[in-house]
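Me: I would like to learn how to read a protein structure, one feature at a time. Please give the general idea and then the case at hand.

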Amino acid sequence: MNNKLIAPSLLAADFANLQRDIELVNNSEADWFHIDIMDGMFVPNISFGMPVLEAITKHTTKVNDVHLMIENPDRYIKTFADLGADHLTVHYEACTHLHRTLQAIKAEGMKAGVALNPHTPISLLEDIITDIDIVLIMSVNPGFGGQSFIENTYRKVSTLKEMILTKNASTLIEIDGGVSSVNAKKLVDAGADVLVAGSFVFKSDNPIDTIKELKNLTNFEL
Ligand code: DX5
Ligand code: ZN
């Protein structure tokens with residue numbers, strides 16, 4: 001049995017009932033909470049900031065996987081660690097000194113992730129892949145939930161998987177955007193380890209069952 005992970009994205013939760021939706025994920029087969037922070041500069045949207053994150057992590061009982069869609073993320077690495085982030089993912093496109101940023105994230109005791117926009121090639125990670133705990137491949141343009149999955153993602157996943165094997169790295173491959181039962185199995189077959197799902201989970205009639213469905217689709221006897 002392989003162990004593929006499911007990370008519901010709280011961006012699609014009901015913000016007026018956040019605690020209810022967090023408990024729902026706590027009581028599900030989900031593995032991580034995916035938490036999206038946007039600054040209205042790196043992406044044309046603002047999600048929520050530090051006080052809300054602090055309120056969220058008080059209730060979560062699973063890994064807090066924080067995805068920063070912000071410019072100059074170095075400013076807040078320690079802050080996010082203090083607020084309960086277990087993983088901190090920064091965008092490749094937002095970091096001039098990516099190697100330094102990753103070391104700073106790890107120095108705060110967090111796993112370090114790098115996110116790639118749909119137009120950013122996997123090959124740019126070749127000289128840093130062994131320093132990255134998680135690569136987050138964006139399968140939509142970051143900034144909004146509920147967008148359509150970009151098909152070129154499968155090719156990027158296979159290319160990254162090959163790079164990880166060649167370099168003998170232990171990096172996890174996470175996919176974010178437009179994930180559903182339509183593409184989950186194919187993504188895992190291409191080499192994905194973690195699937196983020198926002199709308200597909202929270203806009204469904206029974207989110208707990210939907211998480212279970214994703215878990216079953218991606219975890220099967222080899
Ligand atoms: C988009 C965010 C995603 C988003 C995914 O910028 O990074 O995590 O919540 O939402 P869905 O699954 O609805 O595409
Ligand atoms: Zn995200």
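Me: Which arrangement do the six donor atoms around the zinc ion (ligand 2) make?

Reply: Before that, the conventions. This is a predicted model, in which local features need pLDDT of at least 70, side-chain atom pairs count only at pLDDT 80 or more, and totals for chains, interfaces and linings use all residues. Residues are numbered from 1 along each chain as its sequence is written, chains are lettered from A and ligands numbered from 1 in the order in which they are written, and side-chain values use heavy atoms, with hydrogens and water left out.
Now the general idea: ideal angles at a metal are 109.5 degrees for four tetrahedral donors, and 90 or 180 degrees for six octahedral ones. Donors are N, O and S atoms within 2.8 Å of the metal (3.2 Å for Na, K and Ca); water is not among the atoms, so sites may look incomplete. Six donors count as octahedral if opposite donors are over 155 degrees apart and all others between 65 and 115. Here the six donor atoms subtend angles of 70 to 171° at the zinc ion (ligand 2), so the arrangement is octahedral.

Me: Which residues are the protein donors of the zinc ion (ligand 2)?

Reply: They are His34 (NE2), Asp36 (OD), His67 (ND1) and Asp176 (OD), at 2.1 to 2.3 Å from the ion. Their spacing in sequence is H-x1-D-x30-H-x108-D. Asp36 in strand 2 (residues 32–38) and Asp176 in strand 7 (residues 172–176) are 140 residues apart, a pair that links distant parts of the chain. Helices (H or I, at least four residues) and strands (E, at least two) are DSSP runs, numbered from the N terminus.

Me: Are Asp36 and Asp176 buried or exposed?

Reply: Buried means under 20% relative accessible area, exposed over 50%, and partly exposed in between (1.4 Å probe, protein chains only). Asp36 and Asp176 are buried.

Me: How is strand 4 covered, and which way do its residues point?

Reply: Five of the five residues of strand 4 (87–91) are buried. His87, Thr89 and His91 point one way, Leu88 and Val90 the other way. Strands pair if DSSP finds at least two bridges between them. Strand 4 pairs with strand 3 (residues 63–69) in the parallel sense, over three bridges. The zinc donor His67 stands opposite Thr89 in this pairing.

Me: Where else do strands run parallel?

Reply: Strand 1 and strand 8 run parallel, joined by four bridges. Pro8 stands opposite Ala197 in strand 8. Strand 1 is covered on both faces, with Leu5 and Ala7 buried on one side and Ile6 and Pro8 on the other.

Me: What can be read from the sides of helix 4?

Reply: An α-helix has 3.6 residues a turn, so residues three or four places apart point the same way. In helix 4 (residues 98–107), the buried residues are Leu98, Thr101, Leu102 and Ile105. They cover an arc of only 100° around the axis, so they lie on the same side of helix 4. The arc is that of the directions from the helix axis to the C-beta atoms. These buried residues pack against helix 3, strand 4 and strand 5 (111–116). Arg100 and Ala107 are exposed, on the face turned away from the buried side. Just after helix 4, Gly109 has a positive phi of about 85°.

Me: How many salt bridges does a search of the whole structure find?

Reply: Side chains of opposite charge can pair when their charged atoms come close. A salt bridge is a side-chain nitrogen of Lys or Arg within 4 Å of a carboxyl oxygen of Asp or Glu. The search finds seven. One of them joins Lys4 and Asp193 (3.5 Å, N to O). Lys4 lies in the segment before strand 1 and Asp193 in the loop between helix 6 and strand 8, 189 residues apart. Both residues are buried. Another joins Asp189 and Lys185 (2.9 Å, N to O), which both lie in helix 6, four residues apart, about one turn of the helix.

Me: Which residues does Ser139 touch?

Reply: Contact means heavy atoms within 4.5 Å. Not counting residues up to four places away in sequence, Ser139 touches Ser148, Phe149, Ile150, Thr153, Ile175, Asp176 and Gly177. Ser139 lies in the loop between strand 6 (134–138) and helix 5 (153–166), and is buried with a relative accessible area of 0%.

Notes. Four donors count as tetrahedral if all angles lie between 85 and 135 degrees; four count as square planar and six as octahedral if opposite donors are over 155 degrees apart and all others between 65 and 115; anything else is irregular.
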